[in-house]
Amino acid sequence: MLQFQKRIQLVCFLGLTLLSFQSVAQGFLKAEGKKIVNAKGENILLRGFGLGGWMLQEGYMLKINKDGQQHKIREKLEDLMGTKQTQEFYDAWLNNHTRKIDIDSLKAWGFNSIRLPMHYNLYTLPVEKEPVAGKNTWLDRGFALTDSLLAWCKANKMYLILDLHATPGGQGNDTNIADRDDSKPMLWESEANQQKTIALWAKLAERYKNEEWIGAYDIINEPNYGFTNPADDKNGTKEKVNALLRKLMVDITKAIRNVDEKHILIIEGNGWGNNYNGIFPLWDKNMVLSFHKYWNYNDQASISNMIKARDEQNVPVWLGETGENSNTWFTDAISLLERNNIGWAWWPLKKVGFNNPMEIRSNPNYNSVVNYINNGGDKPKESNVYSGLMELAIYTKLENTIIHKDVIDAMIRQPHSNETKPFKAHNIKNGAIIYAVDYDLGKNNYAYFDLDTADYHTVTNKRTAGNRGRIYRNDGVDISKDSVLYEKYFVNSIEKGEWLQYTVNVLSKGNYTLKLNTASANNDGKLTISINGKTVASGIQVPKTDGAKKFATFDLPNIPLAAGKQVIRVISDTGGYNFSYIQFVK
C-alpha cells in the first residue's frame with residue numbers, strides 16, 4: 001500500500017490528475033498532407049511509449065547479453081526449471097507487465113499514445129507447427145491481450161498503434177528484436193512466412209477496423225536485411241533496391257484495405273527503419289513514414305533525410321522508436337522533433353535497467369540465473385530459479401517498479417521549459433540533510449552542469465553514458481552506490497566546472513554551519529558555494545580522506561540563510577572528489 005501511495009504522490013508531483021475518461025470518439029486519425037489529423041482536422045502530435053519487453057522480450061532488457069532471443073532464453077529457463085514452471089513464469093509476465101494502471105499513469109503523466117510491439121506467435125502458430133500446411137491457426141492469447149490494452153487506451157482517450165515487431169520467420173539479421181530462429185527460414189526466404197504475415201494483418205484489420213482509438217498499423221518493425229548483397233550488407237543499411245520489402249508491404253496493404261479503408265498504415269524502411277531506397281513512390285493515400293533514431297546528435301541534420309522524404313512524398317513522418325539514452329538526449333530529441341511537428345514513441349516503458357520511466361527490480365535468485373546464462377558455471381537450484389523468475393514477474397507490476405520521475409520530467413516538461421524544480425522537498429531547519437544526488441530537476445546548465453551528458457556513439461564512435469554509474473537518476477551527473485550502506489548514493493567523478501543546484505525552503509533564517517560529507521584520495525579538490533547567485537564561500541579545500549569512498553564531513557561555518565525559498569549551488573573549482581550530502585546546523 002505504501003508503494004502504491006508513493007506512485008500517486010508522483011502523479012501529484014507532476015501536477016497532473018489521474019482521471020477516468022469515457023471513450024468519447026475523436027474519429028479516426030488520418031494522414032492529411034504532411035500532418036496527422038483527427039476527424040476535426042486538428043493536428044495530432046503523438047507522444048507515446050512502446051511496450052517493449054511485454055509480448056516480446058529482448059535479452060538486454062533482462063540483463064541477458066548472450067543469446068538474447070526470447071526463444072533461446074525460454075529454452076534455457078526450461079532446462080533450468082522445466083516446461084511447466086517456465087510457462088507459469090511467462091503467463092505471470094504477460095499478466096503483470098502491462099495493466100490498466102500503466103496506461104492510466106502514462107495518461108496522467110502527459111502521454112497520449114501507445115505502440116504495441118506484437119510477437120506473431122501470440123496470435124498464430126509458426127509455419128512449421130501448423131497442422132495443415134498453408135492454413136493459419138489463430139490463438140486467443142494475443143488478441144485477448146490486445147483487446148484489453150485497447151480498452152484501457154479507449155478509457156484514457158489514448159491512441160494505440162499496432163506494431164508487428166516479430167514477424168513469422170523474423171525480418172532481418174538483428175535476431176533479438178524479432179526473436180528470430182536462424183536455424184529456420186527467415187521472412188524474406190519463405191513464401192509461407194510472408195503469406196502468414198499478410199494473413200495476420202488481414203485478421204487484425206478485420207477485428208479492429210471500426211476502432212477509432214487504434215491510431216495506426218505499423219506493419220513491419222525494423223526490417224534489416226541486405227537483399228542485394230546479404231553477405232556484405234547484413235542489416236540492409238546499404239541496400240539500394242529493397243524490392244522484396246516494398247512488395248511485401250504493398251501486399252500487406254492490399255490485404256488490410258480489403259477489409260479496412262480507415263486506418264493509417266505506417267511503413268518503415270530497411271536498415272532498422274531508415275533506408276527508404278526503392279520504397280517510393282507510395283501506394284496508399286493514408287500512410288505515414290516511420291524512422292528510428294538512436295545515439296546520434298539532435299540537430300536538424302540528424303532528421304534531414306526524413307524531412308526531405310516528408311516534403312517529396314507529402315506525407316507525415318513519425319519517430320516510431322527511440323530512447324535508451326540520457327535525460328539530456330531525451331529533452332533535446334523531443335525539442336527537435338516537436339519543432340518539426342514530428343510525433344514520437346519512446347522505447348521502452350520498463351525494463352531491468354534505469355533509463356526509462358519504470359525500472360524493474362531484480363533479485364538475488366534471478367541475478368544467479370542471469371550470471372549462469374551469461375557466464376556459465378554451476379547451474380542454480382531449480383527451486384531458486386523458479387523463485388527468482390516468479391519474483392521478477394511480480395516486480396514488473398507498476399507499483400513494484402522504481403519510477404524515475406526525472407525521466408518523465410525530461411520528456412514532458414523540460415522540452416518546453418528552462419525552469420528548475422526541487423527533486424524533493426528540502427525543508428531546512430537545524431540538522432536537516434540534503435543528499436547530493438537530490439539536486440533539482442531540470443536541464444543541464446539550469447539544474448546542474450555536467451561535462452558528459454549523453455551517448456552519441458553512432459557519430460563519435462565513443463560510448464559515454466552521461467551518468468556513468470547508470471543508477472538512481474538519468475541526467476549527466478555521475479552517481480554511485482555505497483557497497484556497504486545499501487541505499488546510500490553519492491555523486492562521483494566530479495570534474496572542474498561542474499555544479500549541482502538545490503532549491504530549498506528555509507524554515508528559520510540565521511547563520512548555519514554547512515557540514516559537507518565528501519571523500520577524496522588527494523588534496524586537489526576545491527569547491528565554491530553560492531546562494532541565489534551570490535558567492536558565500538569560495539576556493540574551499542576538500543579534505544583528503546582515507547580513500548575515494550571513505551567519507552568524512554568538514555565544516556563551512558557562518559553561512560547566512562534567509563527564510564523561504566533559497567537556491568544553493570555547489571560548484572566544483574577543481575574536481576577529483578566525491579560528494580555525499582550537506583547537513584545544516586544552526
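Colleague: Which residues does glutamate 321 touch, not counting those up to four places away in sequence?

Modeller: Those are Arg115, His165, Asn221, Glu222, Phe291, His292, Lys293, Tyr294, Ala345 and Trp347. Contact here means heavy atoms within 4.5 Å. Keep in mind that this is a predicted model, where local features need pLDDT of at least 70 and side-chain atom pairs count only at pLDDT 80 or more, while totals for chains, interfaces and linings use all residues. Residues are numbered from 1 along each chain as its sequence is written, and side-chain values use heavy atoms, with hydrogens and water left out.

Colleague: OK. Is glutamate 321 buried or exposed?

Modeller: Glutamate 321 has a relative accessible area of 5%, so it's buried. The cut-offs are under 20% for buried, over 50% for exposed, and partly exposed in between, with a 1.4 Å probe and protein chains only.

Colleague: And what does its side chain make a polar contact with?

Modeller: The side chain of arginine 115, at 2.9 Å. A polar contact is a pair of N or O atoms within 3.5 Å; within protein, one must be able to donate a hydrogen and the other to accept it, and residues adjacent in sequence count only if both atoms are side-chain atoms.

Colleague: Where is glutamate 321 found?

Modeller: In strand β9. Helices (H or I, at least four residues) and strands (E, at least two) are DSSP runs, numbered from the N terminus. β9 (residues 317-323) pairs in the parallel sense with β8 (residues 287-293) over five bridges; pairing takes at least two DSSP bridges. Lysine 293 stands opposite threonine 322 of β9.

Colleague: What packs on the sheet there?

Modeller: Helix α9 (residues 304-313) does, touching β8 and β9, and its direction makes about 175° with that of β8. Axes are lines fitted to C-alpha atoms, for helices over the stretch in contact, and angles run from 0 to 180 degrees between N-to-C directions.

Colleague: Which strands make up the closed barrel?

Modeller: Eight of them, β3-β4-β5-β6-β7-β8-β9-β10, with parallel pairing. Neighbouring strands are turned by 25° against each other on average, direction ignored.

Colleague: New topic. Where is alanine 521 found?

Modeller: In the loop between β20 (510-519) and β21 (526-531). Alanine 521 has 47% relative accessibility, so it counts as partly exposed.

Colleague: How far apart are the C-alpha atoms of alanine 521 and aspartate 546?

Modeller: 6.4 Å, though the two residues are 25 apart along the chain. Leaving aside neighbours within four places in sequence, alanine 521 is in contact with Lys544, Thr545, Gly547 and Ala548.
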